[in-house]
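Biologist: I am new to this structure and would like to learn how to read its features one at a time. Could we go through them together?

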Amino acid sequence: MLLRHGLCEYQKRKSHPELRTFYVKSKRKDVTLNMDIPHHDLISIPVKGDTDDKTVNCKAALKSMASRHVDFRLAAAPSWMDMTKEDILAQAIGEVETFSLFFPEVRAEHVRVCMAAWLGVICTVDDLLERMTPSEAEAAIEISVVALQGKESVEEKSGGISLAGEVYSLMSTFRKHCCRYLSEAAAKGFFYEIDKVFNGFVEEIGFRQGHTIRDLERYMEIRTRTIGVAPFFALIRSELPPSDYPDDFVAVQKAMNMAVGLQNDLIGLEKDLENGELLNAVLVAMEQQEEEGKEKDLAEAVEAICALHNQNIAGVMVYDGKEV
């Protein structure tokens with residue numbers, strides 16, 4: 001079954017990435033995205049076509065991990081999602097493919113299982129929150145934290161099937177799933193970072209409603225949490241002995257959070273403009289232009305956000321004072 005979905009491992013051909021600039025012209029606006037992207041010259045290794053013992057073992061581990069993730073997705077699928085078992089399987093394999101592509105050197109199965117689960121959870125929670133009013137979303141976020149702590153919620157006690165109840169059920173299943181694979185210390189660090197992601201969602205609601213300062217700096221403080229990258233780093237960190245944990249890794253992680261958040265906003269800009277979505281770094285920058293007495297200029301804002309993205313990519317490329 002997994003073979004039909006083209007499951008692949010990825011390997012880097014280059015240990016030292018080459019920085020490439022990509023230009024993406026908007027289909028409807030007279031603007032062009034100018035983004036620097038590290039290029040490791042990845043090669044894909046399909047699950048089919050095993051040729052040697054090392055490759056066979058690598059692929060067997062990936063299939064085993066993917067099967068565990070599929071089981072999790074089937075157990076955690078919200079009732080409001082009108083999806084067949086085949087749909088859920090395809091979604092689960094897509095999530096495995098995504099994190100395999102972005103973290104090709106992560107091989108520990110317990111880490112990969114939890115990475116895939118977190119990727120699936122944050123996408124599902126984001127979809128759920130979009131269906132809710134601000135007050136409903138805040139309640140759902142609060143109940144998510146309760147679930148991560150392993151506590152019983154009012155929704156669970158009453159047998160409720162509200163959207164908040166769906167979130168609780170999802171997060172409770174997620175917690176139990178991850179606790180099967182992580183040590184107590186690793187799970188604590190992982191859930192701590194996830195808690196900060198959910199706190200970011202609460203602050204995002206306040207930002208949207210104008211209850212906090214609406215400037216780019218404040219927006220990015222929130223965005224770097226809601227993008228959900230930090231929990232992945234917590235899992236990676238849990239595998240490193242203290243002696244291998246470099247002082248500047250925190251700075252690299254911060255730059256990565258910024259770069260991913262900005263890249264996501266830049267790529268989604270056209271869709272956000274069409275949908276009237278204001279939570280986008282480019283659109284927040286345009287609001288700031290107006291507050292500073294300037295005329296709103298989309299091209300200027302795009303250029304500024306691309307420059308900020310590229311600056312943070314440069315920060316990611318430098319690790320412990322050396323090019324990586």
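This is a predicted model: local features need pLDDT of at least 70, side-chain atom pairs count only at pLDDT 80 or more; totals for chains, interfaces and linings use all residues.

Biologist: Let us begin with the strands; in which sense do strand β2 and strand β3 pair, and over how many bridges?

Modeller: In a regular strand the side chains alternate between the two faces of the sheet. In this model, strand β2 (residues 18-25) and strand β3 (residues 32-39) are paired in the antiparallel sense, with eight bridges, and R20 has I37 in β3 standing opposite.

Biologist: How should I read helix α2, and what span should its 18 residues have?

Modeller: Helix α2 covers residues 85-102, and at 1.5 Å a residue its 18 residues should span 26 Å; the C-alpha atoms at its ends are 26 Å apart, so the two values agree. Among the buried residues of α2 are I88, L89, A92 and I93, and also E95, V96 and E97.

Biologist: How many aromatic pairs are there, and how are the rings of F103 and F232 placed?

Modeller: The count comes to eight aromatic pairs. In the pair of F103 and F232, the ring centres are 5.4 Å apart and the planes meet at 40°, so this pair is tilted. Because F103 is in the loop between α2 and α3 (109-130) while F232 is in helix α9 (residues 230-238), the pair ties together parts that lie 129 residues apart in sequence. F103 is buried, with a relative accessible area of 17%, and F232 counts as buried at 10% relative accessibility.

Modeller: The rings of F174 and F190 form another tilted pair, since their centres are 5.9 Å apart and their planes are at 55°. Here F174 belongs to helix α6 (residues 163-179) and F190 to helix α7 (residues 184-208), so the parts tied together are 16 residues apart in sequence. F174 counts as buried, at 0% relative accessibility, and F190 is likewise buried, with a relative accessible area of 0%.

Biologist: Which residues do ring pairs link into a cluster?

Modeller: The cluster linked by ring pairs consists of F72, W118, F174, F190 and F191.

Biologist: Now to the charged side chains; how many salt bridges does the structure hold?

Modeller: Side chains of opposite charge can pair when their charged atoms come close. This structure holds 18 salt bridges. In one of them the side chains of D41 and R13 meet, at 3.8 Å from N to O. D41 is in the loop between β3 and β4 (42-46) and R13 is in the loop between β1 (8-12) and β2, so the bridge ties together parts that are 28 residues apart in sequence. D41 counts as partly exposed, at 22% relative accessibility, whereas R13 is exposed, with a relative accessible area of 58%.

Biologist: Are R214 and E287, whose side chains meet in a salt bridge, buried or exposed?

Modeller: The side chains of R214 and E287 meet at 2.7 Å, N to O, and the pair links distant parts of the chain, with R214 in the loop between α7 and α8 (216-226) and E287 in helix α12 (residues 281-291), 73 residues apart. R214 counts as buried at 18% relative accessibility, and E287 counts as buried at 16%.

Modeller: A salt bridge also joins the side chains of K296 and E290, at 3.8 Å from N to O. K296 is partly exposed at 43% relative accessibility, and E290 is partly exposed with a relative accessible area of 48%. Salt bridges with shared partners also connect E203, R218, E221 and R225 in one network.

Biologist: Why can helix α8 be called largely enclosed?

Modeller: Of the 11 residues of α8, eight are buried, so the helix is largely enclosed by the rest of the structure. The buried residues include L216, R218, Y219 and M220, and the buried residues of α8 pack against α3, α7, α10 (249-267), α12 and α13 (298-317). After α8 comes G228, which has a positive phi, near 80°.

Biologist: Finally, how many disulfides does the count give?

Modeller: A disulfide is a covalent bond between the sulfur atoms of two cysteines. In this model the count comes to zero disulfides. C123 counts as partly exposed, at 38% relative accessibility, while C306 is buried, with a relative accessible area of 3%.

Methods: Residues are numbered from 1 along each chain as its sequence is written. Side-chain values use heavy atoms; hydrogens and water are left out. A disulfide is a pair of cysteine sulfur atoms within 2.5 Å. Buried means under 20% relative accessible area, exposed over 50%, partly exposed in between (1.4 Å probe, protein chains only). Helices (H or I, at least four residues) and strands (E, at least two) are DSSP runs, numbered from the N terminus. The expected span of a helix is 1.5 Å times one less than its number of residues. Rings of Phe, Tyr and Trp (its six-membered ring) pair if their centres lie within 6.5 Å; planes under 30 degrees apart count as stacked, over 60 as edge-to-face and the rest as tilted. Two strands pair if DSSP finds at least two bridges between them. A salt bridge is a side-chain nitrogen of Lys or Arg within 4 Å of a carboxyl oxygen of Asp or Glu. Contact means heavy atoms within 4.5 Å.
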